[in-house]
Amino acid sequence: MQKKLSSLWAVALFLFIAILLPCYVSKAGYSYIGTDKYHFFVYGMLPFVITYILLLIYVFYKKIHISFCKTDWFVLAFAFCTLLSYLFSPYKDVALIGNEEWNLGLISQLMFVLIYFGISRYLTHIKGCLYAVCMVNIPLTALAIINRFGYYPIKIKGIHPLYVSTFGNINWFCGYLMIIVGMELYLYFQSKEKKEKCFFTLCLFLSLLSLICQGSMSGYAALLFLLLLLLRPALTSRHALLTYLEIYMLLFSGCTLTYISNYFIKGAYVEYDPIVNLVAFSPLPCVCLFLVASLYIIISFCTEKINLGFIYKYVVIVCIIFLAVYFIVCGINTFYPKITPFLNGNSFFTYNRYYFSTRGGTYTVGIQAFFSLPWYRKIMGIGPDCFLTYVYSHLDKISMAGCFQIQPLANAHNEFLTMLVNTGLLGCIAYMGIFFCSIKTALKTKNPYAKVVLYGILGYMINNFFSFQQIISTPFVFVLLGIIENFSRKEKINVTN
């Protein structure tokens, strides 16, 4: 009975975090969506917290053996470091709940920990849960695409060009979407049955199209990285390589569709961005689609036993060289602008506060904030979600923050750098340890859906290297971290038995 109840509890928790939370929109609409999502999350989590405590009491009463893995210890260490950071924070009133609209204080962080342990121990029917998320994501992504072209079939208060779907800010949407895109990429890649492939074709097409349309550059960077990772297994056989090229055809088909739409609904896209304009509203994707389709036809006539795995290391080397050359050119253009006059003033080739959608400035704020801390605060931080409070009360030490006073920074737009300031070295190491241990576990796990979940986690990590924690995507990634450990624990039990 206890196992059935705990399983139902975990499934309900999964559905609440992965489906209800993203879909929820209050009557107040977009204007207060961050705060409203937080309240929905906290009050919705209360029944789960209470029942989980009762489950723990039952476990201790029955003296059921509890085992811990490396990921578990890092999660516990993160909980301890966050609590320590709160207890010694000079901003306890902020650190408990978190900064206004973000609400990622102590309460939220501890709930993320509870989500991980609950999912890792009790969740069953994981395949069905993952499919349900993809199914629900279809209307959410379709709505985001329509919104970016100025149409709002669902009347939500506070409509703004930067607000989409049921998420609000495009960065919030992108943070959640990259998790879904990561999972759908691998689900499509490993799907074999026709019905399954048709379903994931629809899911992935809409997800990729919404990713292109939403306009957050962090999503573009994360997608490129995931596709580079997926290339490795794709080069092992003809079938895998053709499937991989199909993903590119879905991507470029979506871009081509937006390009063609510009002839029928010219100027409907709500925001101008040079990168989006190049990717979605220029002939470039049409050319790319033609080239990929041609390559697909050529490879389809090759032998089935084709194995191009040896190429992957050269592709990686070329990518590294390309990035190195790019950073060198940026350095030359920044410090010796006379050499590259044609790049002067271009924010993508100049190291200043506008670099890469202002990441140059936000990263500088984060670095200055960390080094301005006294030695003991470098170890334990200034308190969960206290970044904004600390930075704007120490403008004399954090000069770059003066450039972000009209729209104050609640974080450094890099989750791990923000964590370094908020919870110190100890908290940041523990937090990063959770992800790296989970990745290692996923690579060892034989469950076919472990890689699916892994790609979702990687999508979150890469995106949040340029973005931040928020109350929709972070609980979901802790669900996925729990699922990886869930797979590992079941395999260990099967081996033992």
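Predicted model: local features only at pLDDT ≥ 70, side-chain atom pairs only at ≥ 80, totals over all residues.

Reader: How much space lies in the largest pocket?

Author: A pocket is an open set of points, and its volume is given as space. Here the largest pocket holds about 1900 Å³. Its lining has 41 residues, and those closest to the centre are Tyr220, Ala221, Leu224, Phe225 and Leu323.

Reader: Which helix gives the most to the lining of the largest pocket?

Author: That is α9, with 9 residues. α9 covers 217-234, and other helices that supply at least two residues each include α10 (238-264), α13 (312-335) and α18 (450-464).

Reader: How do the residues of this lining divide into nonpolar, polar and charged?

Author: The lining of the largest pocket has 39 nonpolar residues, 1 polar and 1 charged.

Reader: How much space lies in the second largest pocket?

Author: About 1300 Å³. The second largest pocket is lined by 45 residues, with Leu162, Asn169, Asn171, Gln407 and His413 the closest to its centre.

Reader: Which elements supply at least two residues each to that lining?

Author: They are α2 (33-61), β2 (168-169), α7 (170-190), α9 and α14. The largest share is from α14, at 5 residues. Both α9 and α14 also supply at least two residues each to the lining of the largest pocket.

Reader: What classes of residue make up the lining of the second largest pocket?

Author: There are 21 nonpolar, 17 polar and 7 charged residues in the lining of the second largest pocket.

Key: Residues numbered from 1 in each chain as written. Heavy atoms only, no water. 1 Å grid on protein atoms, 1.4 Å probe; cavity = no way out; pocket = protein on both sides within 12 Å on 5 of 7 lines; lining within 4 Å. Helix = DSSP H or I, 4+ residues; strand = E, 2+ residues; numbered from the N terminus. Nonpolar A, V, L, I, M, F, W, Y, C, P; charged D, E, K, R; others polar.
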